[in-house]
Amino acid sequence: MGLRRSHNKQTQAIADKRISKKGSNIEDDDNGYPADVPRGHFVVYVGERRSRYIIPISCLHDIGFQILLRQAEEEFGFNHDMGLTIPCLEQDFLSVFS
């Protein structure tokens, strides 16, 4: 079950300003946290390829993102070792932030 919103280059540009996509070659800082994740942000993995995104914590208030979190809980639960995985198409995920 994914969000049904259109996706275009303008949507992508807006989403890119709010969230940051990073590769999986990540180093940890002295505290064991990923060094590329700024304070006040967290990481989610999206889509079949599990693309990694850094999300501001303020996005937790967004109703569209809350729907995605509920879908993640239903499909995967939150008690696992993989990190937070959002079960939707990457373009649907990006459209939430446009």
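Predicted model: local features only at pLDDT ≥ 70, side-chain atom pairs only at ≥ 80, totals over all residues.
Reader: How many salt bridges does the structure hold?
Author: One joins the side chains of Arg-52 and Asp-36. Another joins the side chains of Arg-49 and Glu-90. The number of salt bridges in the structure is two.

Reader: How many residues apart in sequence are Arg-52 and Asp-36?
Author: The side chains of Arg-52 and Asp-36 meet at 2.8 Å, N to O. Arg-52 belongs to strand β3 (residues 51–56), while Asp-36 sits in the loop between β1 (20–22) and β2 (41–46), so the pair ties together parts whose separation in sequence is 16 residues.

Reader: Is Arg-52 buried or exposed?
Author: Buried means under 20% relative accessible area. Its partner in the salt bridge is Asp-36, which at 25% relative accessibility counts as partly exposed. Arg-52 has a relative accessibility of 4%, so Arg-52 counts as buried.

Reader: In the pair Arg-49 and Glu-90, which helix holds Glu-90?
Author: The two side chains meet in a salt bridge at 3.5 Å, N to O. The pair links distant parts of the chain, 41 residues apart. Arg-49 is in the loop between β2 and β3, and Glu-90 is in helix α3.

Reader: What is the relative accessibility of Glu-90?
Author: Arg-49, the other member of this salt bridge, is exposed, with a relative accessible area of 68%. Glu-90 counts as buried, and its relative accessibility is 17%.

Reader: How many disulfides does the structure hold?
Author: Cys-59 is buried, with a relative accessible area of 1%. Cys-88 also counts as buried, at 8% relative accessibility. A disulfide needs a pair of cysteine sulfur atoms within 2.5 Å, and the number of disulfides in the structure is zero.

Reader: Which residue caps the N-terminal end of α2?
Author: Just after α2, Gly-77 takes a positive phi of about 75°. At the N-terminal end, a side-chain oxygen lies 2.8 Å from the backbone nitrogen of Gly-64. The residue that supplies this oxygen and caps the helix is Asp-62.

Note on methods. Residues numbered from 1 in each chain as written. Heavy atoms only, no water. Salt bridge = Lys/Arg side-chain N within 4 Å of Asp/Glu carboxyl O. Helix = DSSP H or I, 4+ residues; strand = E, 2+ residues; numbered from the N terminus. Buried < 20%, exposed > 50% of the residue type's maximum accessible area, 1.4 Å probe, protein only. Polar contact = N/O pair within 3.5 Å; in protein donor to acceptor, adjacent residues only side chain to side chain.
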